Amino acid sequence: MSNIVTAFFKKIWTDFRHNWGYKVIAIIFALILWSYVLTETNPMRTIVYRNINVVCTGLEQLEGNKLMLSESIESKARVSIRLQQSDAQLLNKSAIRIVADVSEVTEAGQYSIPLKATTPYGQPVQIVPESIEIKVEPLEIKQVPVECQPNVELPESAWLAMESLSPATIRVSGPVTMVDRVAKAIVRVDNSQVPSEFSESVAFELVDADGRTLQDNTLKCDVAAVVVKRNIYRKLQVPVKLEGSLIDQAELADGMVVDNVRCLPESVWIAGPEEILQDIDGIQVAPFAIGDEKQSFTRQVALLLPDGVVWCDYHAVDVVVELSQEQAHREFKGLQVQQVTKTGLEALEEMSASVTVTGPRMLVEALTAQDIQLLVDGRNLVQGEHEVAIMAVLPEKFQGLTVTVSPSVVTILVS
């Protein structure tokens, strides 16, 4: 038996090795014949196209019913199409459309939407999956504020003079569960360039209350970008200036003089265009009258900002005015010296002294010789000769005066 099988395969191998020309001609004729059959008969065949994106239709009708898909449809499906052999070569995968129509949905809820396929050639015979599951929610619309968020903190040497956002609010629509999460819209801008003027449309991000970006295709906004206008200027520290005739002393109370005037703070920060800042060496305070003040005081006075300065950290400063009374000098001569004894006052005959007073002019001018008592205390003196200091006693209202007595002592003989 094994010999028969061996002989059979040997014969086939021998035949295969010989007559190559006839064999090639036979194959060529077979291919020609098969091509002819396909062309003339154009047979039907079924082809499977995979990973076709599912397109959702009827969204306008859904929104007209104040409804919205809870999430966008990103499903894929495969479709089997029965078509003729000649059409198979013409059909491109991109021409096949698989749709899920939601136009008949009128209430919120869960739905299973059947898939339908259309093609320019052939007939769809099977779609896998046959349907997709969707969730429909009420449509929500609300206005959210727009905020500008810099990519870096503004340098301490810079001042944001102006910032405007147009529009200042954005209308957001979508499924209620997503719209309720939207807290605001954020536009991100560059703070690194100082000084700078910025005006352009900037894309925005919707964020929740915690600042997390919400990326959802179901959320729709009435604008695609926000126009941001910003001016950033350099800041400059300059002294507050009191030079010149800023303080009017014409109405200064009689007998009062200004000892010192100073500002708190002594310097301020300003901001503005470079061509303005380069010519500024200080900021003047506004003129003010001291009036009839009779003691030192502090007054808030406005600053006179030069044209072009767009910002100053103080609109007014505290001006401290230190006042004192004008000093005067006066001498009283030939004043009688009196001795204080245990029984009263006794005049010391042929004993007089001069008194020099120094102090506020008003007090000095009000003082009279009758107001001055020159006393020596002899109540505790024992027998003998004593030098006793002369004391000048003034009424209490003149206690602010400095008094000098000449001579300052007197010799008393106790017998």
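First, the basis of what I say. This is a predicted model, in which local features need pLDDT of at least 70 and side-chain atom pairs count only at pLDDT 80 or more, while totals for chains, interfaces and linings use all residues. Residues are numbered from 1 along each chain as its sequence is written, and side-chain values use heavy atoms, with hydrogens and water left out.

Let me start with the chain as a whole. The protein chain contains seven helices and 29 strands; helices (H or I, at least four residues) and strands (E, at least two) are DSSP runs, numbered from the N terminus. Of its 415 residues, 33% count as buried. Here buried means under 20% relative accessible area, exposed means over 50%, and partly exposed lies in between, with a 1.4 Å probe and protein chains only. The accessible surface of the protein chain is about 25,800 Å², and 50% of it belongs to carbon and sulfur atoms; these areas come from the Shrake-Rupley method with a 1.4 Å probe, and for residues only the protein chains shown count as cover. Among contacts with a separation of 6 or more, 72% are between residues 24 or more positions apart, where contact means heavy atoms within 4.5 Å.

I turn now to a sheet. Five strands form an open sheet with mixed pairing, in the order E27-E25-E23-E24-E28; two strands pair if DSSP finds at least two bridges between them. At its edges are strand E27 (391-393) and strand E28 (402-406), each pairing on one side only. On average, neighbouring strands of this sheet are turned by 35° against each other, direction ignored; the axes are lines fitted to C-alpha atoms, for helices over the stretch in contact, and angles run from 0 to 180 degrees between N-to-C directions. Within this sheet, strand E23 (residues 327-341) and strand E24 (residues 344-360) run antiparallel and are joined by twelve bridges. Phe332, for instance, has Val355 in E24 as its bridge partner.

The charged side chains come next. Side chains of opposite charge can pair when their charged atoms come close. The whole structure holds eleven salt bridges, a salt bridge being a side-chain nitrogen of Lys or Arg within 4 Å of a carboxyl oxygen of Asp or Glu. One of them joins Arg234 and Glu274, at 2.8 Å from N to O. Arg234 lies in strand E14 (residues 226-241) and Glu274 in helix H6 (residues 274-277), so the pair ties together parts that are 40 residues apart in sequence. Both ends are partly exposed: Arg234 has a relative accessible area of 29%, and Glu274 has 32%. Another salt bridge links Asp377 with Arg379, at 3.0 Å from N to O. Salt bridges that share partners also join Asp208, Asp210 and Arg212 into one network.

Finally, the backbone. Most residues other than glycine have a negative phi, and most peptide bonds are trans. Where are the cis prolines placed? A cis peptide bond with omega of about 0° joins Val128 and Pro129, and Pro129 sits in the loop between strand E6 (123-128) and strand E7 (131-150). The bond from Ser166 to Pro167 is also cis, with omega near 0°; Pro167 is in the loop between strand E8 (158-166) and strand E9 (169-175).

Asn51, in strand E1 (residues 44-57), has a positive phi near 55° and is exposed, with a relative accessible area of 52%. Lys66 has a positive phi of about 60° and is exposed at 59%. Lys66 is found in the loop between helix H3 (59-64) and strand E2 (67-69).
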